[in-house]
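Visitor: I'm new to this one, could you walk me through it? I'd like to start with the charged pairs and then jump around a bit.

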Amino acid sequence: MSQQRTVTVCDRVHIEEKFYDPVFSDEETITMLQHSERHELALLLPHILDRKPNTYTFTKTIAEDLVRESSGHLPVVVVRPSVIMPTLKEPFPYYSNDKNSVLSLATAVGVGLLRVVSFANDNRLDMIPGDMTVNCIIAASWSRAVTPHSPLVYNCVSVDSPGFLRELMTANLRNLTEAKEILSDQMMWLPHLIIVENTFCLYFLYYILHLLPGLFFSLAEQYFNRKSMIMKIYRKLFFLSKTVRYFMFNNWSFTTDNTKSLLFKLNARDRELFDFNIMSVDWMNYYCFMGRCAARYVLKANDNKDNYYPKEMYKRKMKYIEPIDITIRWTFRLALVYLSYNMLCAVAV
C-alpha cells in the first residue's frame, strides 16, 4: 500500500485514477544528480520540474512510479488523498498534528500574527479529513487482498462535496476571535484578514504589515535579552504561504469511480466503521470546530490551567494593544488618502 497526495499529479487539470509516467524516472534522476554540479542543477531545475510547482511534487511523482515499477507481484495499491485536514471522529474529533498546512496559516491569522493571505476568492479547497483518508487506505488494502484484480489507484478527494478556502479562513478567524479569552496567552495582536490576489500587492503588504513590525519586535526581543523568534516565525509563514499559493489559485477535477465502487463494496457495518463517504461531511459545521482544533493542537492552548484567569489576562493585554492597533490602522488609512489626494492633484495639474 502506498499513500500519495494528489499533488503528485497536480500539473494536470483532470486527474484520473491511474498511474502517470514521470518526466524522469528514478534512475535518470539519480544519474542527473550524481553527474551535475549544484549551479548546473539550479539552471536545469525549471526544465526538470516541467509544469510541477516544486521539487516536493516532482519527487512524489517519482516515488509513485517507483512503487509501480518495483512492486512486482506484491498486492500494491495507491491512495491519493487531497489536502488532509483534522479528523472527524477518530482517534477523537478534530485532531491534527500537521503544522505545515492551510490550517497553520488560518491559525496564524486568528492570533493576529498573519494579516495578509493570498488566494483566489472563489477557489475551492479539495480537502479530506484525516480519519477518512485512513479508512480509505484500510478499505483499499482489504479490497486488494481479497480481490487481486481490484483497481490499483484511488483518488480520495472531496470533488463531489467541495469546501471553499475563503469560508475556511473566515470561519477559523471568527472562531479563534470568539475564543480569544482562552487564547489570551497566545494572542499576538488583534486579528485582521486581508485577502489579495495580485503578487505585487502581496509583497507590498507583506513588507508593510509583516516585515516592518517583525523587525520592530525583533529589536525589542534583543533589548530585553529574549530569544529572537518573531522573524523566524514570519520567515516560516512566508515560505509556507509561497508553497501553498499554487494550490490556492488552481482547481482540479478528479475521477473517483474506483473510490465510489470501493465504498459500496463494503457491507453496512464496515461502511459505518470505515466511513470515507465525503458526502456525509457538513463543511460549515466542520469549520465551526476548526478554531478549537487550531487552539488545542496547533497553538497547544489549554483552557484548564490552575490559577489561570484568561479574562483578566486578555483584558490586560488588550489594554495596550487595542489603542495601538486603532492608531496604526487610522494612520495607514489617512496616509493612503493623503497620497491619493496628492496623486490626483498632480494628474490634474
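**Salt bridges and beyond**

Guide: The structure holds 6 salt bridges, a salt bridge being a side-chain nitrogen of Lys or Arg within 4 Å of a carboxyl oxygen of Asp or Glu. This is a predicted model, in which local features need pLDDT of at least 70 and side-chain atom pairs count only at pLDDT 80 or more, while totals for chains, interfaces and linings use all residues. Residues are numbered from 1 along each chain as its sequence is written, and side-chain values use heavy atoms, with hydrogens and water left out.

Visitor: Okay, which residue does Lys-52 form a salt bridge with?

Guide: Lys-52 pairs with Asp-11, and their closest N and O atoms are 3.0 Å apart. The pair links distant parts of the chain, 41 residues apart, with Lys-52 in the loop between α2 (38-49) and α3 (55-70) and Asp-11 in the loop between β1 (2-3) and β2 (14-15); helices (H or I, at least four residues) and strands (E, at least two) are DSSP runs, numbered from the N terminus.

Visitor: Are Lys-52 and Asp-11 buried or exposed?

Guide: Both Lys-52 and Asp-11 are buried, where buried means under 20% relative accessible area, exposed over 50%, and partly exposed in between (1.4 Å probe, protein chains only).

Visitor: And what does Lys-260 pair with?

Guide: Lys-260 forms a salt bridge with Asp-160, with 3.3 Å between the closest N and O atoms. Lys-260 lies in helix α9 (residues 257-265) and Asp-160 in the loop between β8 (153-156) and β9 (163-164), so the pair ties together parts that are 100 residues apart in sequence. Lys-260 is partly exposed, with a relative accessible area of 38%, and Asp-160 counts as partly exposed at 40%.

Visitor: Which residues are joined into one network?

Guide: Salt bridges that share partners join Asp-21, Asp-65, Arg-68 and Glu-69.

Visitor: Switching topic, how many disulfides are there?

Guide: The structure holds 0 disulfides, a disulfide being a pair of cysteine sulfur atoms within 2.5 Å. For Cys-136, the nearest cysteine sulfur is that of Cys-156, 4.0 Å away. Cys-136 counts as buried because its relative accessibility is 0%, whereas Cys-345, at 31%, counts as partly exposed.
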